[in-house]
Amino acid sequence: MTMQEVYEQHNGKLSSGKINESRITLRRSLNQHETDLSPYVRSEANHLESKFQMLPNPTLYMFVAPHLSTKDRVPVPGYLTEFKLYERDEYALPGEVAN
């Protein structure tokens, strides 16, 4: 049997009324809670308030001891360098991180 024949055989067993009923329940309209995006839109009142908080990305510090350069054997003084634990900063979705 081809896939088309299997599909037609399966749909032949179902009454068309049941298929239409199931389609109607799946095609419901959105409620007010699902369509209200105002908390996520910037306005004059909340333009400074950040909705997307940054996830933690600790800064690590490493001390490089005084040493001689590899090629020219020139003295290099000791120094402190810093780098982030993760490659890039990530932002949490609204409500993902507790305040």
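Reply: The side chain of N57 makes a polar contact with the side chain of D89, at 3.0 Å. This is a predicted model, in which local features need pLDDT of at least 70 and side-chain atom pairs count only at pLDDT 80 or more, while totals for chains, interfaces and linings use all residues. Residues are numbered from 1 along each chain as its sequence is written, and side-chain values use heavy atoms, with hydrogens and water left out.

Me: What makes the pair N57 and D89 a polar contact?
Reply: A polar contact is a pair of N or O atoms within 3.5 Å; within protein, one must be able to donate a hydrogen and the other to accept it, and residues adjacent in sequence count only if both atoms are side-chain atoms. The N57 and D89 side chains are at 3.0 Å, so the distance meets the limit of 3.5 Å. A polar atom of the N57 side chain also lies 3.4 Å from the backbone nitrogen of L85.

Me: Why is N57 called buried?
Reply: Buried means under 20% relative accessible area, exposed over 50%, and partly exposed in between (1.4 Å probe, protein chains only). N57 has 11% relative accessibility, so N57 counts as buried. N57 is found in the loop between α3 (32-35) and β1 (59-64); helices (H or I, at least four residues) and strands (E, at least two) are DSSP runs, numbered from the N terminus. Not counting residues up to four places away in sequence, N57 touches K84, L85, Y86, R88 and D89, where contact means heavy atoms within 4.5 Å.

Me: How do you know that E90 and R88 form a salt bridge?
Reply: The term requires a side-chain nitrogen of Lys or Arg within 4 Å of a carboxyl oxygen of Asp or Glu. For the side chains of E90 and R88 the N to O distance is 2.8 Å, so the pair falls within 4 Å. By this rule the count comes to 1 salt bridge.

Me: Why is R88 called exposed, and E90 partly exposed?
Reply: R88 has 61% relative accessibility and therefore counts as exposed. E90 has 38%, so E90 counts as partly exposed.

Me: Which label does F83 get, and why?
Reply: F83 is partly exposed, because its relative accessible area is 39%. F83 is found in strand β4 (residues 79-84).

Me: How much of the protein counts as buried?
Reply: Of its 99 residues, 4% count as buried. The protein has 3 helices and 4 strands, in the pattern α-α-α-β-β-β-β along the sequence.
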